[in-house]
Amino acid sequence: MKDFLPVLHEFFQPGDLLIGGMTSLIFYDFRLLSFDEYPSTNLLEVPHMVTKFYQHILALAFAVHEINQNPKLLPNVTLGFHICDSYYNEKMTYHTTLDLLYKWHKCFPSYECVSQKKIMAVIGGLGCDLSFQMANILGLFKIPQVTFGSFASEEKGKAQSTSFFRMAPNEAHQYMGIIQLLLHFGWTWVGLLAVDDESGEHFLKTLEPLLSKNGICLALTGRIPNRSDWNTIADYNDLLSNIYLPFVDRKARTFILYGESRTLVRLNLLMYVGDPGYKDNTSLKRVWIITAQVDFTITGVQRTCDFQFFHGAISFTIRSNELQGFQKFLQILKPCYTQEDSFLKEFWEQAFDCLCPNPRVPVDVNDTCTGEEKIESLPEPFFEMYITGHSYSIYNAVYAIAHALHAMRSSGSNLRAIRDDKKIELQDFQPWQVHPFLQGISFNNSAGELVSFNDNMEVESGFDIMNLVTFPNKSFLRVKVGHLDLDSLEGNKLVIHEDLIVWQRHFNQVLPVSVCNDYCTPGYLKKKKEGEKFCCYNCAPCPEGKISDQKSVDDCFECPDDQYPSKDRDQCIPKRKSFLSYCEPLGIGLVLVAAFFSTITAFVLGTFIKHKATPVVKANNRDITYILLISLLLCFLSCFLFLGQPREVTCFLRQTAFGIIFSVAVSCVLAKTITVVVAFMAIKPGSSMRKWVGKRLTNSIVLSCSLIQAGICAVWLGIFPPFPQLDTQSLNEEIIAECNEGSVTMFYIVLGYIGLLSLISLTVAFLSRKLPDSFNEAKFITFSMLVFCSVWVSFFPTYLSTKGKYMVAVEIFSILASSAGLLGCIFSPKCYIILLKPKLNTKEQFFRRNN
């Protein structure tokens, strides 16, 4: 019986155990079946061969050759293989898969009419569709299948078979790699071209939400047809007119290309047909990010094509390492290398554009292959001497299967018996027995890389990031510029060497910008444009009090407490620490004033001590006068506690010291006023007030009033002690170093008590101002208390309306002004008499004026 659709290409090498292989090198324009004529067996047109993928076959043959030469791996066992092609066609994939399983290639899946070959595992396929189509058959026979392409296993929505192994990393790892690459270069407005099939739809639906989640927008999407035939000329012209639509948006300078190798070829071809000069059109120049399944290949009938349009492209490739001896293995290829390899003739003719000699078909001598052609002379689009990622995965797959067979043979646990006859032993090998050994393998290949499967039966080897550099002679060079590591603990990690990348010549080696609009400069934030994608925005200044120090931020942020925004709101400037210093003009002025009045007070005190026996000094209780002068001196000196950077000691002492000292001073004034009143009342005949005349009354007044204030301060210090703090909120550009009073209530109680004493003193002095007495101080005390009260009444609104060091300056000024008022109003008249009118400072003058 003759096959209705013959398999024209296969590579068979006999052995005790066989490995099957399914490649994707050749595709045909299959004729559509019509039922108005007798079916023809000649259903195939001229084959198109992706010559570059012939390396996949050679990688498998090279690995088998090495294993058969290795006495430590499968000793006394010859490993063979049978390789067929899928022809990029679903029917042919099923057909060739069955062909792998049966010796005579008969299509009888329901029963075995001839002896079945000892196929222990099958390597293939390249893409997801072909791989799952193979799995539909291989899964029935429980034959292990090891794929070498990087694709998403979820695309078909099927539960993964236990016999389905993946030698290349899952395509899903590329998604975050693409996003990390876009974010690294700041490309947020990108285009996407995907093959028009289920895998392209899955890629688009999966990637788009991930892009949005990471702040990247798809400016446009396009679909590249997955076929090379069209029904009508109108369909063809419509396709040509639409192929350039994605390039209309010139702001999207970065494109993501997803598909397989023929997708790139079709895109290149369609753009050439639409505009033969498209490669020189600068408006079409883009940065291309290409997924791992896409390789830069052309077929033998597309010799005029090149990849200048994709110069500078960044592509993901399956990680690979150079294999020792592989290039020498390639160099021994000749047109008549082996009769078992029917791929070789097709490869040689299409790669070198010649015809192999055929005695039955006359050929022009000039078109004949000489056999001296050098495979290393082929341009990279036709063939690469360095092993590709897919070939490297095939090489590792062969070794993985060999190690599994070796482990299974060594264990003997699944064999019926251990026999000396090798043939009987090998007959006991069954494909389904390989599964646990294959899943558990772990070995180092000849390049030193560890190969093992994870729990999902995948090898997580990672991806290399390659940069395409093209040359005028249609050759190109792929330069490794980074890698994507797959680490389940830290997530996928992208490493990129930006200085090694060669960009499109149009960009003049300047990093391309692919954004919807210009970046917002620091100091501005993004403001969404209505009706457009979130990547398109206006730029608005940061709100008052906030900054942005990076480009195109979503929101501005506040500076830390110890910093403030710059004028342009693009950086935070450290706040300067603010306190009333001895070194600044205001501090120096207050120091000089305090020192001046302290000196004057000390001089007055010295004068009074020197003239203590005179009537002016002795009048109105000399001791109280001394206490008053000393307290005023301490009031002036207490100002120094408010100057300088607040410390724990100064904060602890300054308000309480001020409160107690002022209470003593005002108590002395009150005692003096009451002394005048009592003395006047005591001179009346029969007055009972005489017993109160003397030091006992005044001392008790001063002591009791001072002790009350001291008690209030003791409670304050015991429960809510003041402490130094840094106020970062009150002023925008300064940090206020201040004393926190601990309890504002206690602070105002202290001030209120002083105010109460001063109000009582003012009232008593005002009522006694007209009493007849030669040295009646009531008038002077009245005026001094008016000054004192005026100062402290104006203190409160001024104090509460200022901040920082000026609050301290207001309090110091109030202390100096009120103390100076008391000093000047009470003691200046007396000093005038003592120093300038000594004749009035006598007892005779005292009694004369009194009479």
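Student: Before anything else, what does "buried" mean here?
Tutor: Buried means a relative accessible area under 20%. Keep in mind that this is a predicted model.

Student: OK, then is Leu 74 buried or exposed?
Tutor: Leu 74 has 3% relative accessibility, so it counts as buried.

Student: Where is Leu 74 in the chain?
Tutor: Leu 74 sits in the loop between helix H1 (54-69) and strand S5 (79-85). Its phi is positive, about 50°, although Leu 74 is not a glycine.

Student: Which other residue has a positive phi without being glycine?
Tutor: Met 457 is one of them, with phi near 60°. Met 457 lies in the loop between strand S15 (450-452) and strand S16 (463-470). Its relative accessible area is 9%, so Met 457 is buried too.

Student: And what about cis peptide bonds, where is one?
Tutor: One joins Gly 124 and Gly 125, with omega at about 5°. Gly 125 belongs to the loop between strand S6 (119-123) and helix H3 (128-141). Most peptide bonds are trans.

Student: Switching to the whole protein. How much of it is buried?
Tutor: Of its 851 residues, 53% count as buried. The protein exposes about 39,700 Å², and carbon and sulfur atoms supply 58% of that.

Student: How many residues are in the largest nonpolar core?
Tutor: That core has 113 residues. Tyr 54, Trp 288, Phe 310, Phe 347 and Leu 405 have the most contacts inside it. Helix H10 (residues 389-411) gives the most to this core, with twelve residues. Apart from it lies another core, of 67 residues, including Leu 590 and Tyr 626.

Student: Back to Trp 288. What does it touch?
Tutor: Leaving out residues up to four places away in sequence, the residues touched by Trp 288 include Leu 193, Phe 247, Phe 309 and Ile 314.

Student: Now secondary structure. How many helices and strands?
Tutor: The protein has 21 helices and 27 strands.

Student: In what order do S25, S26 and S27 sit in their sheet?
Tutor: The order is S25-S27-S26, in an open sheet with mixed pairing. Strand S25 (576-578) and strand S26 (723-727) are the edge strands, each pairing on one side only. Neighbouring strands there are turned by 30° against each other on average, direction ignored.

Student: In which sense do S25 and S27 pair?
Tutor: S25 and strand S27 (residues 734-740) pair in the parallel sense, over three bridges. Lys 577 stands opposite Ile 735 in S27.

Terms used: Residues are numbered from 1 along each chain as its sequence is written. This is a predicted model: local features need pLDDT of at least 70, side-chain atom pairs count only at pLDDT 80 or more; totals for chains, interfaces and linings use all residues. Side-chain values use heavy atoms; hydrogens and water are left out. Two strands pair if DSSP finds at least two bridges between them. Helices (H or I, at least four residues) and strands (E, at least two) are DSSP runs, numbered from the N terminus. Axes are lines fitted to C-alpha atoms, for helices over the stretch in contact, and angles run from 0 to 180 degrees between N-to-C directions. Buried means under 20% relative accessible area, exposed over 50%, partly exposed in between (1.4 Å probe, protein chains only). Accessible areas come from the Shrake-Rupley method with a 1.4 Å probe; for residues, only the protein chains shown count as cover. A nonpolar core is a set of buried Ala, Val, Leu, Ile, Met, Phe, Trp, Tyr and Cys residues joined through side-chain atoms within 4.5 Å. Contact means heavy atoms within 4.5 Å.
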